[in-house]
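Please go through this model with me, one point at a time.

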Amino acid sequence: MAMTDRDTVGLESLEPDDLDGHTIDELADYLDAGMQPADPSIDDSAACQNALAAIVRLRHSSLGSLEAAAEQEAPADESWISGVLANISLEARAGRDVPLRPVAPTERPVITEGAVRSLVRTAGDAVPDALIARCTLEGDVTELGAPVHVVVEIAVRAGSTIQHVAADVRAAVAEVLATQTDLLVEAVDVVVRDLLPPPTAGAADHGSATDTTDEGEPA
């Protein structure tokens with residue numbers, strides 16, 4: 001089941017600078033080794049920690065899907081997983097500084113754009129039957145009070161109600177951005193790009209991976 005999101009980036013094109021000198025493959029190997037022996041260059045890197053958490057959620061969500069596809073003797077195309085991993089790496093970059101409201105005139109508190117995208121991914125992945133594939137922040141996030149448009153691309157578990165899952169993701173993302181950042185979010189758009197097979201092999205027709213819905217109501 002190939003990803004259909006625009007501008008999907010292959011793993012081989014990722015730069016180690018995105019993850020403080022590491023690659024997604026290295027982080028996956030570190031995770032497989034139980035994060036032992038400890039590597040401070042990974043453990044002390046916010047970007048690496050964000051990526052590791054996203055990899056864990058991706059594996060948890062996708063394992064049942066791939067096993068179900070194997071039981072049904074369908075070719076298990078994992079290209080969509082590579083696409084999600086690529087986006088995780090790119091999104092983990094610090095990116096632009098996103099200002100927070102200062103408590104004192106001498107303060108200039110900021111949160112990185114990568115941290116904001118990690119908040120979005122964590123909130124969206126927590127929604128049942130949803131997996132975040134990509135998050136984009138459109139607008140000048142470096143200016144406090146500037147309008148921002150958030151686009152979240154997801155995969156939805158087949159058999160669930162797509163509209164309900166998309167609405168739950170939109171609400172979860174809007175809530176975390178409202179409580180954890182000072183962004184002026186004009187809208188959160190949720191675009192369904194893929195369907196994940198259910199975790200059991202006895203399900204009926206799963207539908208087409210090209211089915212999409214676009215939820216663009218203001219947060």
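Q: What term describes how α5 and α6 lie to each other?
A: This is a predicted model, in which local features need pLDDT of at least 70, side-chain atom pairs count only at pLDDT 80 or more, and totals for chains, interfaces and linings use all residues. The axes of helix α5 (residues 113-125) and helix α6 (residues 162-180) come within 8 Å and cross at roughly 140°, the axes being lines fitted to C-alpha atoms, for helices over the stretch in contact, with angles from 0 to 180 degrees between N-to-C directions. Angles under 35 degrees count as roughly parallel, over 145 as roughly antiparallel, 65 to 115 as roughly perpendicular and the rest as oblique. The relation of α5 to α6 is therefore oblique.

Q: Is the crossing of α5 and α6 left-handed or right-handed?
A: The handedness follows a convention: a crossing is left-handed if the near helix is turned anticlockwise from the far one by less than a right angle, and right-handed if clockwise. By that convention, the crossing of α5 and α6 is right-handed.

Q: How many residues of the contact of α5 with α6 are nonpolar?
A: Taking contact to mean heavy atoms within 4.5 Å, α5 contributes V116, L119, V120, A123 and G124, while α6 contributes V169, A172, V173, V176, L177 and Q180. For the classes, Ala, Val, Leu, Ile, Met, Phe, Trp, Tyr, Cys and Pro count as nonpolar, Asp, Glu, Lys and Arg as charged, and the others, Gly among them, as polar. In the contact of α5 with α6, no residues are charged, 2 are polar, and the nonpolar ones number 9.

Q: How many helices and strands are there in the chain?
A: Helices (H or I, at least four residues) and strands (E, at least two) are taken as DSSP runs and numbered from the N terminus. Read from the N terminus on, the elements run α-α-α-α-β-β-α-β-β-α-β-β. The chain has 6 helices and 6 strands.

Q: How many salt bridges does the count come to?
A: Residues are numbered from 1 along each chain as its sequence is written, and side-chain values use heavy atoms, with hydrogens and water left out. A salt bridge is a side-chain nitrogen of Lys or Arg within 4 Å of a carboxyl oxygen of Asp or Glu. By this rule the salt bridges number 3.

Q: Which residues do salt bridges that share partners join into one network?
A: R96 lies in the loop between α4 (79-91) and β1 (97-99) and E113 in helix α5, so their pair ties together parts that are 17 residues apart in sequence, whereas E113 and R117, 4 residues apart in α5, are separated by about one helical turn. Buried means under 20% relative accessible area, exposed over 50% and partly exposed in between, with a 1.4 Å probe and protein chains only; E113 and R117 are both buried, while R96 counts as partly exposed at 30%. The network joined by shared partners consists of R96, E113 and R117.

Q: Which residue forms a salt bridge with E153?
A: E153 is buried, with a relative accessible area of 1%, and the closest N and O atoms of its salt bridge are 3.7 Å apart. The pair ties together parts that are 40 residues apart in sequence, since E153 lies in strand β4 (residues 147-157) and its partner in strand β5 (residues 184-196). That partner is R193.

Q: How far apart in space are V156 and R193, C-alpha to C-alpha?
A: V156 is placed in strand β4 and counts as buried, at 0% relative accessibility. Leaving aside neighbours within four places in sequence, V156 is in contact with residues including D129, V192 and D194. V156 and R193 are 37 residues apart in sequence, and their C-alpha separation in space is 8.2 Å.

Q: Near what value is phi of D129?
A: D129 lies in the loop between α5 and β3 (130-138) and is partly exposed, with a relative accessible area of 36%. Its phi is positive, in a residue other than glycine, and lies near 70°.

Q: What distance separates the C-alpha atoms of L144 and L183?
A: L144 is found in the loop between β3 and β4, and not counting residues up to four places away in sequence, L144 touches P99, L100, R101 and D182. L144 and L183 are 39 residues apart along the chain, and the distance between their C-alpha atoms is 7.0 Å.
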